[in-house]
Structures are given as C-alpha cells and as structure tokens.
Amino acid sequence: MTELRSSLVAPPGERGLRPTLDELCQNTRLLIKFRWAAGFSILFCTGFAEIVLSVKLDVVPLVGTGLFVLFYNSLLFFTCRDANETLERVQRVAWGQIVLDWVAMTVLVHLTGGITSPALIFFVIHAALSGTVLLTWQTRSLSFLAIAIVGALALLERSDWLPYIEIDEFDMGSQLYRNGTYITAVMFFFGTTIVTLSELVSRRTQRMRQREQHIRQLYDARSTFVRVATHELRAPLAASLSLMLTLEQGYMGEITEQQGAILARVTQRLRELSTLVDDLLTLAASQEASASHTPLAPESVRAALLKMVERERAGADIKGITVHCDLDDREGIVLAGDVGLQIIFGNLLNNAVKYTPEAGQVTVNYSISAGYTEVKISDTGIGIPADDIPNIFQEFFRAKNAKQARINGTGIGLSAVNALVERYRGTIALHSDEGQGTTFTVRLPLAARHVLHDSHQAH
Amino acid sequence: MSQKVLIIDDDPDVVLSLRMPLESAGYEVHEAGSQAEGLVAVESVKPDLIILDVMMDTHTAGFQLAQKLHAPDAPEETRRIPILMVTAVHQTTPLRFEPDSDYLPVDGFIDKPIDPKTLLAEVAKLLSES
C-alpha cells in the first residue's frame, strides 16, 4: 500500500507545472494557426490602407514584415508536423516562435507609429497566448519585457534617436509621440492590461494542469489499488483452496463421506469467490487497456494468440479437451496493447474450455485477409440460448444454461473483450447453437504500414 | 534414501498444503520462510528440488532468489537444482513473464490453488529430468 500513498502526494513543482508534451504541441499548433491569420492580415491591411483608404504607409517594410512572419511560420509549421516530438524540442520551438513574434511585433509597432500605433494591442494578445505555453514566471517576465520594449521605443522616438514614422491620416495633431503625458497614460494602460491579462491566463493554465495531473494521479492510484487489493484477496483464497484440496484428497487422514460432501461444497464456494476476484482483476486490467489515454502500439495477433493457447492448454488437458490450431504463419500486426490482446484471446479461449464438456474439442483458426486479421475460436460446448445472444456482451450478464450448469463465471469476461475489440477498431461476432457449441470471430484491422508488407510475404 | 524437497514460502498455510502430499509421497520436506532463510537452507539441506513462491517480502522476491541460485556464476551444484515456482498470478493475469531460460531461471510453474495431484506430477517430472 506504500506505493499508493506516495503517488498521491507528489507535490507540484515549485515554479508551477510544466505543460505536457501533448498540451504544448496543441498550443504551439494553435499559435501557428493564429500566426497565418496575423501574417496575412498585415499584408491585407497594408494593401487595404494603401489602395482603398489611400493612407500613406511605408509599404515595403510593412509587406516585408508580413512576409517575414509568413516565412518563419511555414518553417515552424513543417517542424511541428512531425508526430515524434520530444518535450525539449517542442519547448525550444515554442520559445523560438515567441522570440520571432516579438521581433516582428516590435518592427510592426515601430512602422505604424510607435507609441501611437494601434498595433500595440498585439503585444497584449501575444502575452496572453504565451501564458498557455509557458510557466507563470516566464509569462510574467515576458509581460514586463513587452512594457520595457514599448517604453524604450517610445523614448527613442521621442528623443529622435529612432525616426518616428508618422501616419498622417491618423491625424494625431501636434506630435503626440513627443507628449509625455500621452506616453505615460498609454504606458500605464498598456502595462496594466498586459500584466493582468497574462497573469490571469497563466494562472488558469496552471490550475487546469493541476487538475489534469490530479486526475492522472487518481487514475494511477486506482489501478495500483486494484492490483494490490486483488493480490491481498487472492493470497488467502488460494491458500484456503490449497488446504481444502489437500484435505479433500485425503492427505491429512481419512475423511467420511459426509465430511467429504461438506468439504466439496466449501471448495465450490471458494472457487466461485476465486473466479470473482480473477474477473475483477481482468476488468481492472481491461479498463486500463481500453482507456482512451492508453496508447496503442503495433502488436502481433499471432504471438498473443499463441501465448494464450499455451496458457489454456493445461486446463483443456485436465478435461480431456483437444485444442486444434490452424494458424497463418504471418504475425498480423494490429494497433493494440499486448495486455489487451491477451485479455481478448485469453478470455475467449478460457470460456471455450470452461463451457465445453469433457472430451470435447476447441478449434482455433487464425488468418489474414484484405486488411484485417481474423481469429475464430470454436468449441463443442453447451452453446448460448438464442434469447441470450443479444445480451451476451453486457457486463455481469450470464446465459441461462451457464447458470443452470453451475459453471463458475461472473459475466465480466465477454464485456471486457467487447470493449477492447471496439477500442482496437475491430469487430466481434458469434454464432451459437445451444447444446452444439459456439464460435466467436474477432476481426482486427491490420496496422496501415504493415498491410503491404504482410501481403507481400503471402506470395 | 528419499529425495529432499525445499519449500521456500512465507505463507504457512501454503507450505502445509505443499508439505502433506509431498510427505505422503515419500519425499523429505524442508521449509524456509524467507529469501534469506532460503539461501541458507539451500546450503545446509542440499535439496534435490526447490519449490519457490513468487511473491514473498516483495512482489519479485521469488524471482530474485531464483536468479541468484541459477546465475551463471553460482556454484555448479546449486545451479543444477531444479526450481518449481508457485504463483497465484500465472493463470488469469496477463503477465510479462513466462518460463524462458533467457531471463527467468526456473524450471516449471505451478498455480495456486495447489492441486496435490498436479503438484506431485510436476515434482516427479522435474526430478526425473534433472
């Protein structure tokens, strides 16, 4: 249980939570989208002001700035398109784009009238957006840097160290850019707006990250709890059952017929409990495997199937059931999880053996065709009554004849199998004649890049 | 002389359910309750077979002990002793381990709950192979 506690009290970093790779990628892509709009609107507005409104602008540097923005945005776009990014790399890209944006914005503000430029508002927007990708202290520093840059620009232009670019049509009157009161007023409102807004965005982002982290921790703690608790439940059950079997089989002295009958009953109840615990563990494992945040990876259907056949063979041998396998030699790579595939085939095979009377037969077929793998597991068991087939994948549902035959089960297995097959974008079908047997057919789509490879191997 | 079986398991109830069938089948049974005790007992008892529980003090204590006993640099006589591993997780949990000489130096598995018949069959099989 110690694992459980330690994962719950992981303190957030002193300087706030860093974005996850996923979040950073998403936000960087969003910024790239916005930047396309910004670049084109610089070009469009320059053209519109020059041609339609006949405003006298420094067209060349403005168009240059617009093109510069579009140029580095294309570079960023192609850098970020790659799916296999590391956090460090995306973070470098995130910083790089912010530096480039600031250079472009400073030039734009200068070209459109410095302290009197309407483009000043861009700094505010940008500082707020940075709050979504950076840490709080970084965003705060950026806001103050923005104030410093704009302030410096205003002072340099006021003292003629930098030429003031006037836009006549704004009709600013008597050299507004030299008016100290005006500069102070703009700087005050600009400064307070940028600091407040970026602080707000940054804090919201932090809070959101904390919540996300908390959810992840809860999820991890839950899986750890289920794992640990299941072991704690299983150990005494297994020990009790082992002792019962030793007793029942007479290794601790002769027992009377009546005592034997009672022992058999106790053993049966213990077995039921044991099945329930096992199935709960399967449920927990399958929920984890089919959760949308568990990544899918290329896995071999053949390997998972073979492993499960080997595992279930012992149980089949005890009942004198023959397991006949007809397997394609190709691996059949699908996008799934190894645990998930094992749960799917393990459960279907386990059921086939469980619901087939002694000396029966279980047949496993595996083939690949037109873009998917197909696994067929047939048995000569008790079958499923026609009325029960529509409900068979429901959680905790058990067929009437399975209950009547007093075969241990909880109705968890097939619902877990169904959820996993859905998660892997496959289909599951069943055909059953009561008293004759059941056939389950699982189809899973081949992973795209392996389709060609596999079909080549076939010839 | 009867063959010696060493049971290394921290659950006395499991030890008892292993001991009774083995003794009635004529084996000389010794027991150890932990990894450390087990190492000492292997030296002193010089068993013909070791029955080892996978989860003792930690979830992997059994594996660690098996690895120690069957490591390439372990004494030849220790390495030759077959190990039967008792586990309650083998049957239904999707597991990352299966018998494989590459990374798991045990000779066989037996699942809890222990069925005396299966136990005696496994033990006889491993002893006849070694």
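**Labels and their grounds**

Colleague: Why does Glu77(B) count as partly exposed?

Modeller: Glu77(B) has a relative accessibility of 46%. Buried means under 20% relative accessible area, exposed means over 50%, and partly exposed lies in between, with a 1.4 Å probe and protein chains only. The value of 46% falls in between, so Glu77(B) is partly exposed. Lys46(B), also at 46%, receives the label partly exposed as well.

Colleague: What conventions apply to these values?

Modeller: This is a predicted model, in which local features need pLDDT of at least 70 and side-chain atom pairs count only at pLDDT 80 or more, while totals for chains, interfaces and linings use all residues. Residues are numbered from 1 along each chain as its sequence is written, chains are lettered from A and ligands numbered from 1 in the order in which they are written, and side-chain values use heavy atoms, without hydrogens and water.

Colleague: What makes Lys46(B) and Glu77(B) a salt bridge?

Modeller: The term requires a side-chain nitrogen of Lys or Arg within 4 Å of a carboxyl oxygen of Asp or Glu. The closest N and O atoms of Lys46(B) and Glu77(B) are 4.0 Å apart, so the pair meets the definition. Lys46(B) belongs to the loop between helix H2 and strand S3 of chain B, and Glu77(B) to helix H4 of chain B, 31 residues apart. Helices (H or I, at least four residues) and strands (E, at least two) are DSSP runs numbered from the N terminus.

Colleague: How do you know that Arg203(A) and Glu199(A) are separated by about one helical turn?

Modeller: They are four residues apart in helix H7 of chain A, which means about one helical turn. Arg203(A), at 55%, counts as exposed, whereas Glu199(A), at 16%, is buried.

Colleague: How many aromatic pairs does the structure hold, and why is the pair of Trp102(A) and Phe123(A) called edge-to-face?

Modeller: There are nine aromatic pairs over all chains. For Trp102(A) and Phe123(A), the ring centres are 5.4 Å apart and the planes at 85 degrees. Rings of Phe, Tyr and Trp (its six-membered ring) pair if their centres lie within 6.5 Å; planes under 30 degrees apart are stacked, over 60 edge-to-face and the rest tilted. The pair of Trp102(A) and Phe123(A) is therefore edge-to-face. Trp102(A) lies in helix H4 and Phe123(A) in helix H5 of chain A, so the pair ties together parts 21 residues apart in sequence. Trp102(A), at 5%, is buried, as is Phe123(A), at 0%.

Colleague: What makes Tyr164(A) and Tyr177(A) a stacked pair?

Modeller: Their ring centres are 3.6 Å apart and their planes at 10 degrees, so the pair is stacked. Both Tyr164(A) and Tyr177(A) lie in the loop between H6 and H7 of chain A, 13 residues apart, and both are buried.
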